[in-house]
Every structure is written in structure tokens, then in C-alpha cells.
Amino acid sequence: MSAAKKVLDLIKEKELKVVDIRFMDFPGVWQHFTVPVSELDEASFEDGYGFDGSSIRGWQPINASDMLVVPDPATAKMDPFFKIPTLVLIGNIVDPMTREPYSRDPRFIAQKAEAYVKSSGVGDTAYFGPEAEFFIFDDVRYQSDKNGAYYAVDSIEGSWNSGRNENPNLGYKPRFKEGYFPVPPVDKFQDIRTEMMLVLEALGIDVECHHHEVASGGQAEIDMRFKPLLQMGDQLVWFKYVLKNVAYQHGHTVTFMPKPIFEDNGTGMHIHISIWKEGKPLFAGNEYAGVSKEALYGIGGILKHCGALCAFTNPTTNSYKRLVPGFEAPVNLAYSSRNRSAAVRIPMYSASPKAKRLEFRTPDPSCNGYLAFSALLMAVLDGIENKIDPGEPLDKDIYGLPPEELANIPCAPGSLEEALMALKEDHDFLLKGDVFTQDVIDKWISYKMEHEVKPVKLRPHPYEFSLYYDL
């Protein structure tokens, strides 16, 4: 029985009346529209549905706006939040004239990255395990006008609220940088995180654990079990969707913004990656920390291309409020076992060859997962194919190094503009196998510069008034 027929049988079995079609836009936000089940038949999985591509950020011009989204039957899941039972299908984007997959569709890029692993001969499966952190806030307000700008976030957990009149204030608020693992009543979001985890598991998404994170103000983490690239790309969009909607149902709001709170820990998304071939882990071996030469070469690829990678793994201007030398985010381009101050870590929790993987610690969850995972895989493969030597590991605490030693360690980009310029100069490794196209690279750079970098540059910052108003 075809996958499409199975979906139609499921609709009939559950007596569903509504289907939601979803796809990812260029920057990384899920889009959707809804159709009655009468509009879905076996032909829909080939013919697709038309929509206006010029209204999607970073996609088509107005004179070539017609596009198709073709639902993938393998992605069928029931939406856990809609009042009317609704089946969700993730779609692939297709040009209606040529019937070719659309080069700027992030999901198509992920599909091509998976195909490239196989064609390269290096391996046949790339596994990804992102550790996406986030904040649960009670209130968020922001505004930017010609003559003023402000933002304010708040949380019952915020250490800044220790003196607030809460009728009564019962205390138990995590101090700055002391939110890692306290039990309730300091941890006030245990039940909400558990609900998030259970909703994810009901969707077929395997979860390893959840916990409070380091920052005050409701920072948290839920870890998904590693999966192949495309599957994890699909899961990450479901992950963000579930967390936001569960929080919303409880009168809270979730953000994956990397640095919403000043002087406390930012929100990262460490990404674990391993490559397997014929059921065997490619990264297990007898080299440093029990890894293989291929793993070391893969690290070399990440360190060499880190500047360009950050354009996709840390794709917002706010990302670089977190990536500041000397603070908690790993910006130093070194590798180590166990040492969490290095950009690439080799986790040592298990001696099993199956557990051998690389952990890239620089990324954050504001990224488009399809693009970030694909770019990271291409950097690792480039390192393996070209036998890029990562140099010696750095097992010292990088934050404690004297300035003269620290000066010899390269650093990740200090701004989105710097990362985009690095991508402009270093992207040949992404073009292999036509995974990323030159059009995608050029459009990503121009979109980010015009819609994010320049607008932020043009606006006065509130702190500038503190610094300069009385000059």
C-alpha cells in the first residue's frame, strides 16, 4: 500500500474533516494553510497545492510568484492543539512550470545533504541531536518607533523580582547564573516542561530528558534523541511549535531568542553529529578521546569553516550578544574532550563506539534547522574528504588562559555581518553535490543584510542615551 493511500485510510478511520499543510520559509518559521479533506486525494500527493511564493520571506518575486507545495505522506501527524481534529502534512516546494524542487526550500536542501552523504561514499546516514534551550516568560513587550524603542520581559522566576510585591512574594527565585537543576519550588516550570515532553512523545518524537537551565527567568532545555538529518529537521519545527503552544495554553510565552536577558546566560543549541556507514559508527576509533581519524578530520572541517557556518547556525543579530569572548558561549575555535569551553567537544559520557560523536557548541536555536544541520554536515564531510588537520586538542579551561595564550586561538565571528562576509568568501564546500546553490547563498546573504543587519545598524540603541545624551 502506498504512503499516500495509508494517509487517506487514516483520515477515513479517524473520520477527519480537516488537513493542515505546512512548510518552512527561508529564515526558518513554519507556515501553513488548511483544506477540507474533500480537497485531498491520492493525486494531491503529486499535484500539490498552489500558493503565492512572493508573500513568503526570501522567496519569489511578484512576477514569478506561483508555487506549489506537495505534501509528503510520510510526515503525517495529528495536531495536538487544534480544537477540530486536524491531520498535519509537511510539504515540499515545487516550481509549477518545471515541476522541479525549489532550490530555496530549506527541506529540499536537507534532502540533498542526506543524498550527498551517500554519494560521497563517506557514510550513508548522518545523525543529529540538537540541545535546544529556551526561555519561558510570563510577559514580553517590545516596540520600535521613530522617536523611541524599548523591550521588557518578565518572569515569576526572575531574580530581579526578589523585591516585587506579589501579594505575597514567596521567594524561591533562581539567582543569576544559578538556575541549573534546582528542584521546585525554585524550579517553577517542572509541570509545564513535562507536559511539553509528553506532547512531543505523543507525536512520536523521542525525548531524552528535560530540565531547568542556568539562567534566571525561566530558562529550560528539552533534549530530543538523535535522528537522521531530515527527520530531525522536521522534528525541530514540531519541537518549537509544541513548546510555544503548550506555554501559550498556560498563559506563558516561549522564546528561542539567543540573548533576551542582559548579563545572564544566553540560549544555545549544541548540535551533536555522527556519521554511520553500513550500520557502523564512523567516528569511533583509537585516536584522541577514542575517536577515529575521520572524526578528527570532521572537527578540522568545522573549525576551518566555522565563520561561514555561523551565518546559518547563528543567523540573527541577537545571536552575537551571546557569542562574546570571555562569557559562557564557546566562541574559541578549538576542540577537546569534556572541556565545555571549546567550540567542538567530544562527549565522554559513554565508552560505547555507538556513542562517539562530535558536539558543535557554538550554534543557537534561532536557526533554521534544515539549513544549519545541512551546512554543518557539509563542513564535516569537507574535513573528511580533504583530511583537514584540526591541530592539537585544548584540554585547558580556555576561559582561564592568560591573554598571550588566548590570542593564539581563533574566534567565531563577532557579528552577523562578519559571519555573512565569511560565508561570502567561504562557501565552495556548501556547493558540493548542489546541496546549497549559489542562488541560495547569495539570497541568504542579501536577505539577512537588507532585512536584519542594516535595520539594526540604523536604529539608536537605548543604552546609547545612557552613554551619550549629556555629551
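Below is a list of stops, each with something to select and a note on what is there. Keep in mind throughout that this is a predicted model.

**Stop 1: helix 5 against helix 9**

Start by selecting residues 229-249, which are helix 5, and residues 369-385, which are helix 9. Two packed helices are described by the angle between their axes and the distance between the axes. Here the axes come within 8 Å and cross at roughly 150°. Angles over 145 degrees count as roughly antiparallel, so helix 5 is roughly antiparallel to helix 9. The crossing of helix 5 and helix 9 is right-handed.

Now show side chains. From helix 5, pick L229, L230, M232, G233, D234, L236 and V237; they meet G369, Y370, F373, S374 and L377 of helix 9. Sorted by class, this contact has 8 nonpolar, 3 polar and 1 charged residues.

**Stop 2: helix 6 against helix 9**

To see the contact, select E294, Y297, G298, G301 and I302 on helix 6, then L376, A379, V380, G383 and I384 on helix 9. These residues divide into 6 nonpolar, 3 polar and 1 charged.

**Stop 3**

Move along to the loop between helix 9 and helix 10 (403-406), and click on D397. With 45% relative accessibility, D397 counts as partly exposed. Leaving out residues up to four places away in sequence, D397 touches N339 and S341.

Is L394 buried or exposed? L394 counts as buried, because its relative accessibility is 17%. Setting aside its neighbours within four places in sequence, L394 is in contact with A334, Y335, S336, N339, L401 and I409. S337 is 57 residues from L394 in sequence, yet 8.5 Å away in space, C-alpha to C-alpha.

**Stop 4**

Most residues other than glycine have a negative phi, and most peptide bonds are trans. Now visit the loop between strand 9 (148-154) and helix 4 (190-202), where P168 sits. The peptide bond joining N167 and P168 is cis, with omega about 0°. N167 is not a glycine, but has a positive phi of about 50°. With a relative accessible area of 64%, N167 is exposed.

P185 is in the loop between strand 9 and helix 4 too, and the bond from P184 to P185 is cis, with omega near 10°. While you're in that loop, select K177. K177 has a positive phi of about 65° although it is not a glycine, and is partly exposed, at 40% relative accessible area.

**Stop 5: aromatic rings**

Last, colour the aromatics: the whole structure has 22 aromatic pairs. Zoom in on one of them, F465 and Y469, which is stacked, at 6.2 Å centre to centre and 25° between the planes. Both F465 and Y469 are exposed. Then select F23, F51, W59 and Y102, which form one aromatic cluster.

Note on methods: Residues numbered from 1 in each chain as written. Predicted model: local features only at pLDDT ≥ 70, side-chain atom pairs only at ≥ 80, totals over all residues. Heavy atoms only, no water. Axes fitted to C-alpha atoms, helices over the stretch in contact; angles between N-to-C directions. Helix = DSSP H or I, 4+ residues; strand = E, 2+ residues; numbered from the N terminus. Parallel < 35°, antiparallel > 145°, perpendicular 65-115°, else oblique. Left-handed = near helix turned anticlockwise from the far one by under 90°. Contact = heavy atoms within 4.5 Å. Nonpolar A, V, L, I, M, F, W, Y, C, P; charged D, E, K, R; others polar. Phe/Tyr/Trp six-rings, centres within 6.5 Å; stacked < 30°, edge-to-face > 60°. Buried < 20%, exposed > 50% of the residue type's maximum accessible area, 1.4 Å probe, protein only.
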